[in-house]
Amino acid sequence: MKKYNLLFVIFLFSFFAKAQTSNSFLLNLYGGYAFQDKVEYDNSYAYVEDGFEYGIGLEYFFIDNSSVELKYNRLDTKLPLYGPLGTQLNAGDDKGALNYILLDYAHYFDIGSNVMPYLGAGAGITILETPQSGNETYFAWEIKGGVKIKTSSPFSINLNAYLQSMSAAVGTSYYWTYYGPVGVTDFVATYQFGLGATLSYDFSK
């Protein structure tokens with residue numbers, strides 16, 4: 001009798017572990033921790049310090065197990081800038097924030113259980129807030145991966161790792177060529193690795 005009960009439980013568990021079907025619409029709440037990154041300039045350097053990142057997103061499955069998502073994430077952090085001698089140039093005035101607005105694509109791999117691995121990538125903009133320069137907008141992108149843990153209810157949890165990047169023009173370098181001096185725009189980029197969790201609510205259930 002115990003064996004039949006166990007088979008029934010397994011069958012019931014498998015029944016609820018369906019693929020993420022098309023036309024599903026999800027609300028995602030994000031929380032994570034982004035690690036520090038160092039940014040090198042010609043004669044100086046800066047840090048985007050580690051901190052808690054949070055946000056919200058709307059995800060739509062246009063086919064089974066594939067989705068697009070528009071999301072907003074914010075990282076409140078410190079942005080210390082150091083000169084050539086290692087002296088902080090903005091001491092006491094280094095608080096800032098990164099606001100990511102991204103359009104992501106993700107594909108979930110149905111392995112026949114309530115745990116679905118996934119990979120994704122996205123692009124958009126970052127609004128950088130600093131006390132010295134106000135708000136500046138830059139190009140941003142991210143790649144991500146993790147597992148989605150589904151339940152029989154509308155709620156699910158995603159455990160994920162991600163890499164986010166922001167690129168900014170910081171000046172112009174000049175090079176002497178056969179045709180004379182040529183100016184080339186200099187770019188710097190941040191690369192922040194993070195670990196997080198996402199609570200999702202599926203409106204189609």
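Q: How do the side chains of Lys71 and Glu142 meet?
A: They form a salt bridge, with N and O 2.6 Å apart. Lys71 lies in strand 5 and Glu142 in strand 9 (residues 134–150), so the pair ties together parts that are 71 residues apart in sequence. The general idea is this: side chains of opposite charge can pair when their charged atoms come close. The term has a cut-off: a side-chain nitrogen of Lys or Arg must lie within 4 Å of a carboxyl oxygen of Asp or Glu.

Q: What kind of model is this, and how are residues numbered?
A: The model is predicted, and local features need pLDDT of at least 70, side-chain atom pairs count only at pLDDT 80 or more, while totals for chains, interfaces and linings use all residues. Residues are numbered from 1 along each chain as its sequence is written, and side-chain values use heavy atoms, with hydrogens and water left out.

Q: Are Lys71 and Glu142 buried or exposed?
A: Both are buried. Buried means under 20% relative accessible area, exposed means over 50%, and partly exposed is in between (1.4 Å probe, protein chains only). For Lys71 the value is 5%.

Q: Which salt bridge does Lys71 form with N and O atoms 3.3 Å apart?
A: The one with Asp104; 3.3 Å separates the closest N and O atoms. This pair links distant parts of the chain, 33 residues apart: Lys71 is in strand 5 (residues 66–78), and Asp104 is in strand 7 (residues 95–108). Asp104 is buried, at 3% relative accessibility.

Q: Which residues are linked in a network of salt bridges?
A: Glu69, Lys71, Asp104, Glu142 and Lys144. Across the whole structure, a search finds 7 salt bridges.

Q: How do the side chains of Asp76 and Arg74 meet?
A: In a salt bridge, 2.9 Å from N to O. Asp76 is partly exposed, at 36% relative accessibility. Arg74 counts as buried, at 17%.

Q: How many helices and strands are in the chain?
A: There are 1 helix and 11 strands. Both are DSSP runs numbered from the N terminus: helices are H or I, at least four residues, and strands are E, at least two.

Q: What can be said of the chain as a whole?
A: Of its 205 residues, 38% are buried. The accessible surface is about 11,700 Å², and 66% of that belongs to carbon and sulfur atoms. Such areas come from the Shrake-Rupley method with a 1.4 Å probe; for residues, only the protein chains shown count as cover. Contact means heavy atoms within 4.5 Å. Among contacts between residues at least 6 apart in sequence, 61% join residues at least 24 apart.

Q: Where is Tyr162 found?
A: In strand 10 (residues 155–177). Tyr162 is buried, at 9% relative accessibility. Leaving aside neighbours within four places in sequence, its contacts include Gly32, Glu53, Glu142, Lys144 and Phe193.

Q: Where does Pro131 lie?
A: In the loop between strand 8 (115–130) and strand 9. Pro131 is partly exposed, with a relative accessible area of 43%. Leaving aside neighbours within four places in sequence, Pro131 is in contact with Asp93 and Lys95.
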